[in-house]
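Hello,

Please find the structure below.

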Amino acid sequence: MPTYIVLLGPPGAGKGTQAKVLAQKFGLPHISSGDIFRENLKNGTELGKLAQTFMSKGELVPDDVTIAMIRERFERPDCENGAILDGFPRTPTQADALENALADFGGRVNLVPYITAPEEVLIERLAGRWTCRAIGHIFHEKFNPPQQPGRCDLDGSELYQRDDDKAETVKHRIQVYLDQTSPLIEYYRSRGTLVEINGFQPIEQVSGQLMTALKR
Ligand code: AMP
């Protein structure tokens, strides 16, 4: 039976960081809808250009576009045993679409770790975040500075600040999360798959709590 884990939580909660840890531990692909949009933008595809008009403002890309993209991603052979989903679903419509898509593959969402942190922490994390151009490795100007300013420690590529990590857009993204994504907390709680994780702790402790939840 394939294993699907959905990481839920506001921007800056640490979903991407924890998704990478889980993906490595379980040998499952890490599917980040935001990364796929950014990859498309880098490659100049029509999807990337369309997504950018929403991303730059901190708005959600329309459901039909996002769902079609994720469905296509699921068809790749590496998803055979499941996946770690990060940033998808972000609306109840997307969650319904996910349920239907997984049913087609004989799977379901097994666990939804809901990672939380206080709003001021989210803002500080996002506004100080630097991302590497090559792979998307994450650094923070205060909490996890690179050894050489502006360069990724892992692959030497340039670090840049995401447009939507600029202070003015960050607050709007959090509001969009509260308005459009937070209904998923009840959605998954009512299905018995939600587990709350305190994201305001060191990365290793958050990972430890996640592993405990997964073992249960
Ligand atoms: P993230 O990398 O998850 O912070 O996503 C960055 C941006 O990509 C979001 O602010 C949205 O504009 C867009 N995006 C990512 N995932 C989704 C999704 N599931 N639905 C709609 N828009 C999304």
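Arg-38 and Asp-35 are joined by a salt bridge between their side chains, 2.9 Å from N to O. A salt bridge here is a side-chain nitrogen of Lys or Arg within 4 Å of a carboxyl oxygen of Asp or Glu. The two residues sit 3 residues apart in helix α2 (residues 33-42), so about one helical turn separates Arg-38 from Asp-35. Helices (H or I, at least four residues) and strands (E, at least two) are DSSP runs, numbered from the N terminus.

This is a predicted model, in which local features need pLDDT of at least 70 and side-chain atom pairs count only at pLDDT 80 or more, while totals for chains, interfaces and linings use all residues. Residues are numbered from 1 along each chain as its sequence is written, and side-chain values use heavy atoms, leaving out hydrogens and water.

The count of salt bridges comes to 14. Asp-165 pairs with Arg-173, with the closest N and O atoms 2.8 Å apart. Asp-165 is buried at 0% relative accessibility, and Arg-173 is buried at 9%. Buried means under 20% relative accessible area, exposed over 50%, and partly exposed in between (1.4 Å probe, protein chains only). A network of salt bridges links Arg-129, Arg-162, Asp-164, Asp-165 and Arg-173.

Regards
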